[in-house]
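Please open the structure in your viewer and colour the model by chain.

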Number of protein chains: 2
Amino acid sequence: MRSTTPLSWARRLVEATATLKRPIGVFDSGLGGLTVLRELRRLLPNEDFIYLGDTARLPYGAKSRRIVQRYSMEVAEFLIQHNAKQIVIACNTATAHAEAVLREAFDVPVIGVIEPGVRALLQQTRNGRIGVIGTRSTIKSAAYTAAIKRQAPDLQVFARACPLFVPLVEEGWIDKRITRLVIQEYLSELHREEVDTIVLGCTHYPLLKTTIQQEFPDFTLIDSSFEVARAVQAAVDPSPTGDKPGASQAVVYLTDITDQMNHLETLLTGMNIDRLEETRL
Amino acid sequence: MRSTTPLSWARRLVEATATLKRPIGVFDSGLGGLTVLRELRRLLPNEDFIYLGDTARLPYGAKSRRIVQRYSMEVAEFLIQHNAKQIVIACNTATAHAEAVLREAFDVPVIGVIEPGVRALLQQTRNGRIGVIGTRSTIKSAAYTAAIKRQAPDLQVFARACPLFVPLVEEGWIDKRITRLVIQEYLSELHREEVDTIVLGCTHYPLLKTTIQQEFPDFTLIDSSFEVARAVQAAVDPSPTGDKPGASQAVVYLTDITDQMNHLETLLTGMNIDRLEETRL
């Protein structure tokens with residue numbers, strides 16, 4: 001009998017629980033938000049994190065406002081039950097539909113990807129002609145356009161849903177001819193309209209950034225996953241440095257784990273995740 | 001006060017319930033199975049139907065076997081609660097993972113799309129070199145290959161996942177250059193392997209049939225939605241013709257209804273649906 005393995009595993013678990021600070025909760029409909037988690041861990045090496053990817057019900061991007069709100073509430077409740085001191089919505093669709101609802105429902109600070117993305121957009125544009133790209137649901141919500149208009153009513157906003165970008169990324173077709181044709185199909189109108197800055201309003205899109213930039217070198221592309229991480233860094237109530245500074249924890253929960261998640265390993269590489277677990281909401 | 005409207009509505013509802021025979025239950029992860037429902041209504045004009053599309057959790061095609069089984073059980077229970085006398089799984093992924101489980105769980109007959117598709121495949125092939133295309137999850141399950149090998153162990157089966165076909169159909173890009181390139185990318189290897197007959201193992205794929213046929217005129221394409229409807233017709237315990245022959249009913253439930261379901265209206269056109277309703281499982 002190999003009694004040492006379960007024992008040492010149990011000991012590690014007890015130690016882990018004992019040193020757990022209140023984590024920052026991060027969620028997305030799937031794995032795309034792991035890019036936000038990666039950036040957050042880099043910027044906040046002393047914080048603990050808990051991530052939930054709702055892979056059993058993804059994608060949120062073609063679903064109704066009501067369904068996205070219901071799912072976001074269920075996910076946020078899971079994070080709160082796990083003692084999250086802050087909720088980061090690492091999903092554009094969930095931010096577009098549910099940020100206000102979550103803010104209303106919970107006492108902890110809630111930060112979505114849209115406001116930070118818009119702030120960066122306003123700093124970068126030179127001609128005031130702005131592009132927003134995202135899922136059908138995000139674009140339909142007009143959440144980006146509303147956020148931009150609140151801060152700069154005179155800017156011209158051109159919004160475009162790009163529903164094929166996510167399946168192209170998931171297929172791993174990053175710089176194929178097909179991908180370039182799809183990019184041309186979706187973005188050439190923004191180019192004709194002389195848009196100079198575009199926010200990538202979906203956590204999958206940064207993976208196409210280089211290819212988009214090759215097709216349209218004029219565009220300045222804003223990566224909202226980077227911007228939201230900086231916003232969290234600025235707003236977070238810092239954890240006290242414990243006995244082991246830098247020994248921060250990150251636990252990743254998914255509502256479904258399949259062996260066809262080609263991107264999961266790549267996304268987790270070098271991120272030093274303490275645990276990956278399947279959970280049911 | 002307009003009291004006539006609710007009253008006449010209530011009367012119609014009572015009449016509808018009174019004349020309701022036990023319906024045939026049909027389900028899919030989304031709207032694709034409506035092509036099966038259409039074919040069923042054409043072949044069985046005297047039967048009542050209840051359809052459930054699990055649009056709040058679609059697609060099933062990239063999810064794990066366990067999650068697809070859980071969702072399929074929940075949907076089938078809904079149909080049984082609505083008095084279904086038979087269950088038609090109008091979804092390849094759900095058939096691949098959950099047909100056996102549903103058969104075990106319920107007393108009513110359960111018919112999936114795979115067996116009827118395979119029977120047609122075996123009738124059509126001339127050289128015994130067969131192609132199967134579908135979602136990642138359907139192909140990974142190898143359910144088609146297993147069903148083919150059971151009936152004809154000597155056939156050569158070439159399976160290929162085509163995950164971009166569904167988003168292309170949903171985008172309405174049916175015969176664009178991009179679509180033709182994707183078709184070439186996915187199917188040219190089957191052509192090199194001298195496959196002569198291919199089963200379209202996903203209810204969305206028949207919408208690409210013409211374009212696929214233009215790119216590869218040699219292929220014989222099998223439409224499983226047509227085949228499953230014929231199998232149900234052969235197996236069904238016919239409803240007694242009531243007072244009003246031909247006055248059959250069809251009710252469609254969806255777990256999420258959005259105004260971005262571009263295909264819904266087209267799919268329902270000419271099908272004479274009695275009710276379209278949102279429901280929560």
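Begin with chain A and chain B together: about 3200 Å² is buried between them, 52% of it on carbon and sulfur atoms. Buried area here is the accessible area (1.4 Å probe) that two parts lose on being put together, summed over both. Within chain A, select Arg136(A), Leu164(A) and Gln260(A), which supply 18% of the area that this chain buries against chain B, more than any other three residues.

This is a predicted model, in which local features need pLDDT of at least 70 and side-chain atom pairs count only at pLDDT 80 or more, while totals for chains, interfaces and linings use all residues. Residues are numbered from 1 along each chain as its sequence is written, chains are lettered from A and ligands numbered from 1 in the order in which they are written, and side-chain values use heavy atoms, with hydrogens and water left out.

**The contact surface**

Next, select the residues in contact (heavy atoms within 4.5 Å) across the two chains: 39 residues of chain A meet 39 residues of chain B. Between chain A and chain B there are six salt bridges, each defined as a side-chain nitrogen of Lys or Arg within 4 Å of a carboxyl oxygen of Asp or Glu. For one salt bridge, display Glu171(A) and Arg136(B), whose closest N and O atoms are 2.7 Å apart.

Which elements of chain A give two or more residues to the side that touches chain B? They are helix 3 (65-81), helix 6 (136-141), helix 8 (165-171) and helix 9 (177-192) of chain A. Helix 9 of chain A gives the largest share, six residues. Helices (H or I, at least four residues) and strands (E, at least two) are DSSP runs, numbered from the N terminus.

**The axis**

Now superpose the copies, by least squares on the C-alpha atoms of residues with pLDDT of at least 70 in both. A rotation of 180° with 0.0 Å of shift along its axis places chain A on chain B, with an RMSD of 0.0 Å. The two copies are thus related as by a two-fold rotation axis. The same surface serves both copies, since 100% of the contact residues of chain A recur in chain B. To find the axis, centre on Arg57(A), whose C-alpha, at 2.4 Å, comes closest to the axis of the residues of chain A.

**A loop of chain B**

Move to the loop between strand 9 (250-254) and helix 12 (262-268) of chain B, where Met261(B) is found. Is Met261(B) buried or exposed? Met261(B) counts as buried, at 17% relative accessibility; buried means under 20% relative accessible area, exposed over 50%, partly exposed in between (1.4 Å probe, protein chains only). Met261(B) touches Leu31(B), Thr55(B), Leu254(B) and Asp256(B), not counting residues up to four places away in sequence. The C-alpha atoms of Met261(B) and Glu170(B) are separated by 8.5 Å, although these residues are 91 places apart along the chain.

Thr258(B) is buried, with a relative accessible area of 9%. Leaving aside residues up to four places away in sequence, Thr258(B) touches Ala62(A), Lys63(A) and Ser64(A).

**The cysteines**

How many disulfides does the structure hold over all chains? There are zero, a disulfide being a pair of cysteine sulfur atoms within 2.5 Å. The sulfur of Cys162(A) lies 9.3 Å from the closest cysteine sulfur, in Cys202(A), too far for a bond. Cys162(A) is buried, with a relative accessible area of 0%.
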